Amino acid sequence: MRTLLLYGDTEHSPALRHEIPLTIIDPLLFVEQDGRRFVLTSHLESARVAATLPEAQILDYLDFGFRDLRRNGLSFAEAEREVVARVVEHLAIATAVVPSEFPVGIADRLRADGVELVLDDPSVLVRRRSKRGAELEGVRAAQRSAEAGMKAAAALLARAEPGPEGRLRVDGQELLAEDVRDALRSACAASGAPCPPDVLVSTVWGDGGHDPGSGPLPAGLPIQVDLWPQHEASGCWADMTRTFVVGTPSPKHSELIAQQEELVAAALQDSFALVKPGVTGQEPFDAVCDRFEAAGFRTQRTGAGENPSEGFQFSLGHGVGLEIHEAPTLGIGDRDRLVAGDVLAIEPGLWDERIGGVRFEDLVLVTDDGYELLTHHPYGLDPAG
């Protein structure tokens with residue numbers, strides 16, 4: 001087994017959070033060498049780390065001269081780098097695997113000592129591809145919060161009515177994207193998995209892409225709600241999208257909206273049917289493109305035409321876990337094969353510059369012989385259900 005080095009804090013490093021499932025805000029070093037584990041940390045964290053990883057040997061910064069290094073004029077960061085170098089020398093590490101997130105400063109310091117560092121993201125990512133135990137339960141908990149948030153968004157939209165200039169109103173006041181976002185974020189937070197402030201409440205009146213949406217919401221046109229809460233206790237994420245239409249679409253728009261809804265719902269089922277171990281990430285993406293292209297819509301495979309968002313111009317999905325976007329991905333050129341334990345966000349959608357678009361997104365867990373649907377929320381465009 002090759003030696004693995006990870007360095008950082010568990011709030012910003014998913015790789016470290018997977019190995020040490022605690023929230024630790026100060027940087028630490030994790031080493032896996034010949035089946036043994038070592039963690040360099042401070043006395044403030046050593047007891048917690050030891051309780052969580054009883055098989056690991058806990059090393060203290062102070063025992064490797066950190067205090068004297070600081071007294072001798074080294075900055076905090078310089079002293080940290082020197083201590084890491086001393087630990088690596090202490091463990092007689094000549095070659096180690098690191099991920100691309102490994103700090104450049106520490107990498108340069110170790111290489112100055114002749115340590116060979118091999119960048120190998122796939123071997124680090126594969127350690128956390130298959131979700132189980134506390135991480136899988138964390139994803140499930142985050143997904144329950146996502147559904148609570150979506151329910152709150154739908155309830156607020158269900159109270160809305162078309163007003164002047166085709167803008168939605170609630171209780172005589174204009175309904176804003178910010179109002180819907182506030183409602184869903186409050187519901188997610190109350191369920192133990194807060195949402196970031198940039199979750200999407202988007203319409204054709206916005207700037208498209210990942211613009212979170214702002215201002216008035218249109219009557220009779222699609223409103224996409226895309227939210228991704230993070231479970232506080234585990235650090236795991238969920239991701240889901242639903243599309244709502246409040247009020248009756250105009251005759252010139254109703255047929256296209258209905259067509260989008262039918263095609264996107266069918267594409268989601270196409271994707272589910274292909275989810276199982278051994279399938280590449282491109283296979284469900286191709287199946288969705290086949291359906292959309294047969295109906296006359298452009299996809300990433302054909303190119304967008306004059307409008308960069310026209311049709312289906314994004315990948316079909318991505319892994320979800322300690323990162324909101326992680327391996328595997330489902331799109332053009334994705335040859336990685338699904339494994340049991342992958343959690344996937346699958347999100348087919350269609351966009352048209354005249355009306356906006358319909359998108360549905362669910363989480364699925366890849367099982368030994370297929371999948372388990374983790375998202376439980378209706379797909380209908382009517383927010384009242």
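**Entry 1. Basis.** I worked on a predicted model, in which local features need pLDDT of at least 70 and side-chain atom pairs count only at pLDDT 80 or more, while totals for chains, interfaces and linings use all residues. Residues are numbered from 1 along each chain as its sequence is written, and side-chain values use heavy atoms, with hydrogens and water left out.

**Entry 2. The five-stranded sheet.** I took helices (H or I, at least four residues) and strands (E, at least two) as DSSP runs, numbered from the N terminus. I counted two strands as paired if DSSP finds at least two bridges between them. I found an open sheet of five strands, ordered β14-β13-β15-β18-β19, with antiparallel pairing. β14 and β19 (371–373) are at its edges with a single partner strand each, so one side of each has no neighbour in the sheet. From one strand to the next the twist averages 25°. Within this sheet I looked up β15 (residues 343–346) and β18 (residues 362–366), which run antiparallel and are joined by four bridges. Leu-344 stands opposite Val-364 in β18.

**Entry 3. The three-stranded sheet.** I noted a further open sheet, of three strands in the order β7-β8-β9, again with antiparallel pairing. Its edge strands are β7 (161–162) and β9 (173–174), each of which pairs on one side only. β7 pairs with β8 (residues 168–170) in the antiparallel sense over two bridges. I recorded Leu-168 in β8 as the bridge partner of Pro-162.

**Entry 4. The β16–β17 hairpin.** I then examined β16 (residues 349–352) and β17 (residues 356–359), which pair in the antiparallel sense over four bridges. The two strands form a hairpin with three residues between them. Gly-349 has Arg-359 in β17 as its bridge partner.

**Entry 5. The largest pocket.** On a 1 Å grid over the protein atoms alone, a pocket is an open set of points with protein on both sides within 12 Å along at least five of seven lines, and a cavity is a set where a 1.4 Å probe fits but cannot get out; lining residues have an atom within 4 Å of a point. Grid points are joined across faces, edges and corners, and a volume is the space filled by probe spheres set on the points. The largest pocket holds about 660 Å³ of space. Its lining has 30 residues, of which Gly-209, His-210, Phe-314, Glu-347 and Arg-359 lie nearest the centre. I counted Ala, Val, Leu, Ile, Met, Phe, Trp, Tyr, Cys and Pro as nonpolar, Asp, Glu, Lys and Arg as charged, and the others, Gly among them, as polar. The pocket lining then divides into nine nonpolar, 14 polar and seven charged residues. Strands that each supply at least two lining residues include β10 (200–202), β11 (223–227), β13 (317–319) and β14 (326–330). β16 gives the most, with three residues.

**Entry 6. The cavity.** I found one cavity of 30 Å³ or more, and about 30 Å³ of space lies in the largest cavity. Leu-125, Arg-128, Arg-129, Glu-326 and Ala-327 line this cavity. They divide into two nonpolar, no polar and three charged.

**Entry 7. The helix pair.** Axes are lines fitted to C-alpha atoms, for helices over the stretch in contact, and angles run from 0 to 180 degrees between N-to-C directions. α4 (residues 76–90) and α5 (residues 104–112) pack at about 45°, with their axes 9 Å apart. α4 and α5 are therefore oblique to each other (under 35 degrees counts as roughly parallel, over 145 as roughly antiparallel, 65 to 115 as roughly perpendicular and the rest as oblique).
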